[in-house]
Amino acid sequence: MFIQSLVALVAAKSFSSIMKQHTGLLLCIALLTACSTTKKVSQTGSTSTVNNGKVWASLWQQRSAEYRALCFQAYNLAKLRLDEALKQTGGKPLAVVSDIDETILDNSPYDVQRAINNREYDLATWKQWTAKAECDTVAGAPNFFKYAASKGVTVFYITNRDEDERPGTLKNLQRYNMPNADNAHLMLKSGSSSKESRRLQVLNQYNIALLCGDNLADFDKLYDNHPTESSRNSVTTRLTSQFGSKYIVLPNPSYGDWEGSLFKFNYKLTPAQKDSVIKANLRFSK
Ligand SMILES: [Mg+2]
C-alpha cells in the first residue's frame, strides 16, 4: 500500500513537472489529437448510417427483454398451433419446417463485429463465422423444437446457407441437441434461393403443421423473385390470416428481404448510396 502511494506521488510530481516544462508541446499534441479525432468521427459519420443502424438493431436483439419476449411469444404460439394440428388425425405424418438464422440461431455477434468496423456483409466473413458453430440460440427455439420431436413431429431445417456450411451448421444445431439435426433434415441452398422446391419436397411425405422464420420468403413463394416493398406489403395483407396460424414469424431488425427490397436488391450500393436511399425513405416530423 505504501509503495503504491509512493509511486502515485512520484508519478503526480513528474506529471506536474512535465506540464510546467512542456506546456506548449502538450497543447500542440492536444490540438493534433483533436483534429485526428474529428477526422475519424467525420469519416465514420459520412459512411456509417447503415452500420450504426445495424449496431443499434443488434443491441436490441442482444440486450432487450422485449426481443426475448417476442421470441417466446412466437414459440408459445407455435406450440399452441402444433397442439391443434396434433389433434387432427389421419393423413401424412406431421412436420415442422424452420429457417435457421435469426429463427433458431442468433448471428448478432457477426453483425456487430462487421458493423462496428463499418464493413458490409460479405460471404467470406459470413462463412468464417458459421464455420465456428458458435451461434447462441434464439429464445424459446430449442424448447419448441424439442417439444415437437417429443410429440413425434419431424423437424426440417430449410436454410439458405450454402452446402459448404453444412458441417458448421450441423455442429451448431447439435451443440444444443436440436432434433433431426442431421444430413437428411438439413436442406441447404442448392442453386435457387427460393425455398419453395424444398418445402414441396417435404410435402411429398409430410403435412407441414407450421413454418417458422424471420424472413417472409421462409413461408410463401409469393415473396420470391425479389418483390418490391409495395408488393411484399400487399402480399402480407393478403396472407393476414396465416400469421400466427401456420406462419410463425420471429423478429429480425438487422437484415432480411425487407432491407433488400428497400435497396432494390442492388448489392453493389456503397454505404453512402445506402445512406441516401435510407434518408429518402424515412418519414420525418415537420
Ligand atoms: Mg433467417
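How many disulfides does the count come to? Zero, going by the rule that a disulfide is a pair of cysteine sulfur atoms within 2.5 Å. If the word is new to you, a disulfide is a covalent bond between the sulfur atoms of two cysteines. Take Cys-135, which counts as buried because its relative accessibility is 1%; buried means under 20% relative accessible area, with a 1.4 Å probe and protein chains only. Cys-212 is buried too, with a relative accessible area of 1%.

A quick word on what you're looking at: this is a predicted model, where local features need pLDDT of at least 70, side-chain atom pairs count only at pLDDT 80 or more, and totals for chains, interfaces and linings use all residues. Residues are numbered from 1 along each chain as its sequence is written, and side-chain values use heavy atoms, leaving out hydrogens and water.

Now find the loop between β6 (207-213) and α10 (229-238), where Asp-224 sits. Asp-224 is buried, and the nearest side chain of opposite charge, Arg-199, is 4.6 Å away. That leaves Asp-224 with no salt bridge, which would take a side-chain nitrogen of Lys or Arg within 4 Å of a carboxyl oxygen of Asp or Glu.

Tyr-223 is in that loop between β6 and α10 as well, and it counts as buried because its relative accessibility is 1%. Leaving aside neighbours within four places in sequence, Tyr-223 is in contact (heavy atoms within 4.5 Å) with residues including Leu-216, Arg-232 and Phe-243.

Definitions and conventions: Helices (H or I, at least four residues) and strands (E, at least two) are DSSP runs, numbered from the N terminus. Buried means under 20% relative accessible area, exposed over 50%, partly exposed in between (1.4 Å probe, protein chains only). Lys and Arg count as positive and Asp and Glu as negative; His and the chain ends are not counted.
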